Amino acid sequence: MIAFIIKEFRHLLRDPRSLLILIGMPLAQILIFGYAIKTDLNESDIAIVRMNNDKLSDLAIQHLDASKGFHVKYIWDHPSQIAEAFRKGEIRLAVVLDNNLESKILQGYPADIQVIGDASDPNTANLLVQHTQGTLRNVYREYLQKNASTPVVQVSARMLFNEENRSVFMFIPGTIVIILMLLSAMMTSISLAREKETGTLELLLVSPLRPHQIILGKVVPYMGLSLINACTILLLSKFLFEMPFRGSLPLLMSETLLFIILALCIGLYISTIARTQQVAMLLSMFALMLPTILLSGFIFPIENMPLGLQYLSALIPARWFVEIIRGIMIRGVGIEILWKETLILAGMVCIFMLLCVKNFKIRLE
Amino acid sequence: MISLQGISKIFGAITALDNISFEINKGEIFGLIGPDGSGKSTLLRILATLLRPSAGHAKIGKYDVEVDYKAIRKIIGYMPGQFSLYPDLSVEENLNFFAHIFGTRLEENYFLLRDIFTYLEPFRKRRASHLSGGMKQKLALSCALIHRPTILLLDEPTTGIDPVSRAEFLMLLKNLKKHEITILISTPYMDEASACDRIALFKNGKLLGVDTPGGFREAYKRTLYSIRGIRPARLLPELRTLPSHCWVYASGNEVKVSTPNPNEIYILREMLDRSTIKQNYQIHVIEPDIEDCFIARMKDTYGE
């Protein structure tokens, strides 16, 4: 079996282009995801509606325009044009200032400010809204030199087109999940299907190797590769994107390993069905990648799905793993909270392992 | 050594093997000969425990191919029809890998491989995908031999390689006989029959006969004429008007006429004299080769 693993590693190393893709792809993907979200904030066009020409409104506009994230494109005195500008895509955010802004603030009442975002691009909208809220709060707090606990302005956010609110940190767990799925499941399924195609599987079957030896020999190299990738992503997300990391690292790594094993089992299962590399690839793409992306809660929040799809998403391993990563990294909780998700993943591993061993044919038919 | 009793294999609507029974003796080179699609590979795969027969039993030594597949997998060396080694691994790495999975080392059975290895030696470090067809087959043979099997199953090892490599390959097999390895080889080339001790002829899943190459020739009860000359195939339409018990077929650059009645040579001469194609054709009586025997058996089995 050791020889088998060495052989698999040789296959990997012999094809430097594929190897580069396997290791480079996660890097590229996370950088693209990361910077796409970051650069979106650069000088976004916004509109400001001021109904009063007071000094404090001027101050808000100055600060927003000076901020790196915004460029004030329009200043209106009536909110009627907002909807049209959004539809045309001229602005990404609108800020409506209280018509009694100055007097309210000076008298110590919280002033009302409405922030309207274009949530057809929810990630960006969310970021813009948060950025605006922060900027405006600080402006008046500094102006009045008050301490942080007193509310000076009351910012109410409204997301046009999609009224829900999501965490920006979703994309890191999502990327980890997609990359691990892609690598582990797709690569193993393709590599076993390749042995079928070239006929080497015939030779392996005729050899005294037992099915579990063949399976393990296939799995171990890709497990190593996937772990390396998982670490790269985690390091990048921590140091490049300053993703919070509140939970325990050993727990996160063991959960990641569990998920990798699951993905490998699924990949093997696919390869027991698929006859050729193309079929294996298509099956992994459509039967795995799409549900993973669409139903894991990575892009579309599960709570917003129709009930049927919510049940369906419970079958998607990625959904539980996203929960786990978010739990550990962002909420900093441990196994005492995440035992349910972990148990579900472990159960899935058992099921797919059984299926693989059962489905792995000792003959050609 | 190997015995087949009423082996049939059915894939959906296709009967790949139809009630095949014969025996193979220890230490002989046994040829499965027949055109593509005649069931040779299916038979080899059944013996290699890769397929289950739909009916019948096959035994290798005392082991049944269905029940004792694990034991059989230890004593056979199988070389599939398609080149089935790892193209991205070098010659040496392929050999070592197969040695390992069979629980042995290259050095251990080196005496078996010595002959073949003299050919492969210069390419030790080369990737299998960069070898010539003949070298690939020699490497595949080495990998099949590496655990010193008592039975070698070779599925069309000489298909698609050049005549020199083919001859070399068959020589290597002959040399293996002294190690008491039973060799089962399938081939679509009738002329390779001479390299075998005994052969079985196959057509459309049916066994047309089992005998030594000489035995097949002796059993040929008809008279065979060969017509040679310039493009003798032009004569075919005319020759086909001969009585239906005369078999007329082109073979290489000659036309052969097989008849149960030796006197019919006169009809044949007469026909050529009257022919519109005024060329000088020579007619000889010839000894049948395996292809002629194959055609005769086929006509006997399937009728016209």
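These are my notebook entries on what I looked up in this two-chain structure, which is a predicted model.

**Entry 1: the layout of chain A**

I began with how chain A is divided. I found domain 1, covering 2-37 + 166-359, and domain 2, covering 44-147. Then I looked up how far apart they sit: the C-alpha centres of domain 1 and domain 2 of chain A are separated by 43 Å.

**Entry 2: where the chains meet**

How many residues does the contact take from chain A and from chain B? I noted 24 residues from chain A and 31 residues from chain B.

Next came the area. The size of an interface is often given as the accessible area that is lost when the parts come together. Here, chain A and chain B bury about 2,700 Å² between them, and 59% of that is on carbon and sulfur atoms. I also asked which residues of chain A lose the most area to chain B. They are A:R14, A:V206 and A:R363, and together they make up 26% of what the chain A side buries.

I then turned to charges across the boundary. The rule finds 3 salt bridges across the interface of chain A and chain B. I looked at the pair of B:R45 and A:E202, a salt bridge whose closest N and O atoms are 3.0 Å apart.

**Entry 3: aromatic rings**

Searching the whole structure, I got 9 aromatic pairs over all chains. I picked out A:F4 and B:F97, which form an edge-to-face pair with 5.7 Å from centre to centre and 70 degrees between the planes. Why does this pair join two chains? It does so because A:F4 lies in helix 1 (residues 2-14) of chain A, while B:F97 lies in helix 3 (residues 91-101) of chain B.

For another geometry I turned to B:F22 and B:F30. Their rings are stacked, with 5.2 Å between the centres and 5 degrees between the planes. Both B:F22 and B:F30 are buried.

Going back to A:F4, I saw that ring pairs link it with B:Y86, B:F97 and B:F98 into a cluster.

**Entry 4: charges over rings**

I also checked for charged side chains over ring faces, and noted two cases in chain B. B:K138 lies over the face of B:Y119, at 4.5 Å from the ring centre. B:R166 lies over the face of B:Y189, at 4.0 Å from the ring centre.

**Entry 5: salt bridges**

Over all chains, the count by this rule comes to 23 salt bridges. I followed one of them, between the side chains of A:E8 and A:K218, at 2.8 Å from N to O. This pair links distant parts of the chain: A:E8 is in helix 1 of chain A and A:K218 is in helix 9 (residues 211-239) of chain A, 210 residues apart. A:E8 and A:K218 are both buried.

A:K218 has another partner to write down. Its side chain also meets that of A:E195 in a salt bridge, 3.0 Å from N to O. A:E195 lies in helix 7 (residues 171-198) of chain A and A:K218 in helix 9 of chain A, so this pair ties together parts that are 23 residues apart in sequence. I found A:E195 buried, along with A:K218.

B:E121 has a relative accessible area of 34%, so I put it down as partly exposed. B:R124, at 26% relative accessibility, also counts as partly exposed.

**Entry 6: a look at B:D289**

Where is B:D289 placed? I found it in the loop between strand 14 (282-286) and helix 10 (290-302) of chain B. Its relative accessibility is 32%, so B:D289 counts as partly exposed. Leaving out residues up to four places away in sequence, B:D289 touches B:R217 and B:K256.

I finished with a distance. B:D289 and B:L172 are 117 residues apart along the chain, and their C-alpha atoms are separated by 24 Å.

Key: Residues are numbered from 1 along each chain as its sequence is written. Chains are lettered from A and ligands numbered from 1 in the order in which they are written. This is a predicted model: local features need pLDDT of at least 70, side-chain atom pairs count only at pLDDT 80 or more; totals for chains, interfaces and linings use all residues. Side-chain values use heavy atoms; hydrogens and water are left out. Domain bounds come from an automatic or database domain assignment. Rings of Phe, Tyr and Trp (its six-membered ring) pair if their centres lie within 6.5 Å; planes under 30 degrees apart count as stacked, over 60 as edge-to-face and the rest as tilted. Helices (H or I, at least four residues) and strands (E, at least two) are DSSP runs, numbered from the N terminus. Buried means under 20% relative accessible area, exposed over 50%, partly exposed in between (1.4 Å probe, protein chains only). A charge sits over a ring if NZ of Lys or CZ of Arg is within 6 Å of the ring centre and within 35 degrees of the ring normal. Contact means heavy atoms within 4.5 Å. Buried area is the accessible area (1.4 Å probe) that two parts lose on being put together, summed over both. A salt bridge is a side-chain nitrogen of Lys or Arg within 4 Å of a carboxyl oxygen of Asp or Glu.
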